[in-house]
Amino acid sequence: MKKLQTFLVLFVVSVTMLQAQTFPTTSWSDLADISWYDANQDEFTISTSEALAGLAQLVADGNTFADKTILIGADINLDENLWRPIGVDTNIPFSGTVDGGDFTISNLWVNMPDQEFAGLFGHTESATLLNIHIDVANIIGDDNTGALVANLFDNGSVTNCSAINVDVTGQYTTGGLVGGFLTNSTITKSHAIGNVTGFAQVGGLAGTGWDNVIVAECYSEGTVTADALTGGLIGSFPFAFAGESVVDNCYSRANVVSLMDRAGGLIGNGDNALLIKNSYATGTVTAPDSAGAVIGLWGMINAENLYFDTETSGMTEGVGVIQGPPVTPDITAKTTAEMKSTELVDLLNAGSTAAPWSLDASKNDGYPVLNAVLSVQDNNLDAASVKVYPTVFETTFTVSSTLNVQSYSIYNYSGALISKGNLSNTVSTVNAANLSAGVYILKINTAEGTITKKIIKK
């Protein structure tokens, strides 16, 4: 009873805080546009809020979109109306592919305190979600809650996706980006930044990973709070049937609070069939029992090449409680200076076949960063603070900002540097007539940090 009372207080406080932000009372469902859909086509482009709501409507009506592809063709603002998730029933999942094109879906409002599968997407099966970026999400759900997708089931994948400025509140299996991910599903090159609150199996990036799943080249920031099984990156990996799950080349800078037990800077709870490697954590970890700078409770799992910041975390032990066979976890405590060194980058890269880690003092507060997040917004800088127009251009485009904008670099989608130059403090016009037609990543350096935008040369 005490555990339930503790969660009820936590849940009521969280819901009250979110409702203070004034949830809309009208629904996008009433504005859904399905005129774009043609059953004879396999690929569709969506560029409006109404059309995206139409996708949710079509799935609710029984269309799983299996073997079909949705392309997002513009930034989409979902403000002013409540969102109904795309796929809210286990009997009618979303099973298609959505390529967000690195556009931003903003101001997502989901208010489903008594229902499962709260998020932009609800229940999915064998779905592919890539290049989708959410900026500002306020979500209340029951079990299985996540800003991007509540339940990524059965060979699902999330690639190069992000959710920033999020407040996510659920119960079991709640995450900043993904709620649950199950059976051969993957989350790669993705991140979440914000506040995540729940009862148990709660994580800054994802809530629960089940059964032969992979998390690679991902990170999380913010605050994660729950009663138990609370992780800066992932809340819990309970067990597996199909094979070992893997967390590789990831980090968390989230602060973790567990009101009862099993709290970890990266993983709250790992029961068995789990390998964690080439990763680090820096956030504070607080729990009455089973609190570890990296892992709260260690079952029959393996760890290789893990690190934590003993100063920022306030922790001396990487693992809270070891319940598996007698082992000596490969987890090393470092000072803040050591964490921000090239030596740590070399150590992290030594455990990888490639070299995914690098160091840039202007990024990530000086901690090692993942090279794979080129097209994802950098930490602690709002994408809306820098404007680029037009994003589809023939010869020139303009960069404007109230920040101290300094320089730009243009990369192709293979990551090769194509062009660079200086920018003025407020408004600059860039001549890019020499670029070949195609899609590029524009990297803009400011006094506050670095931000990236997608641009298209006609």
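Residues here count as buried under 20% relative accessible area, exposed over 50% and partly exposed in between (1.4 Å probe, protein chains only). The model is predicted, so local features need pLDDT of at least 70 and side-chain atom pairs pLDDT 80 or more, while totals for chains, interfaces and linings use all residues. Numbering starts from 1 along each chain as its sequence is written, and side-chain values use heavy atoms, with hydrogens and water left out.

**View A. D365 joins R253 and K340 in one salt-bridge network.** A salt bridge puts a side-chain nitrogen of Lys or Arg within 4 Å of a carboxyl oxygen of Asp or Glu. The closest N and O atoms of R253 and D365 are 3.4 Å apart; this pair links loops 112 residues apart. D365 is partly exposed, at 48% relative accessible area. Between D365 and K340 the closest N and O atoms are 3.8 Å apart.

**View B. K68 meets D42 in a salt bridge.** Here the closest N and O atoms are 3.3 Å apart. K68 lies in the loop between α2 and β2 and D42 in the loop between α1 and β1, so the pair ties together parts 26 residues apart in sequence. K68 is buried, at 12%.

**View C. Strand β18 (residues 206-210) has four of its five residues buried.** Strands are DSSP E runs of at least two residues, and helices are H or I runs of at least four, numbered from the N terminus. Pairing takes at least two DSSP bridges between strands. β18 pairs in the parallel sense with β14 over four bridges, L182 standing opposite W210. With β21, β18 pairs in the parallel sense over two bridges, and A206 has I234 as its bridge partner.
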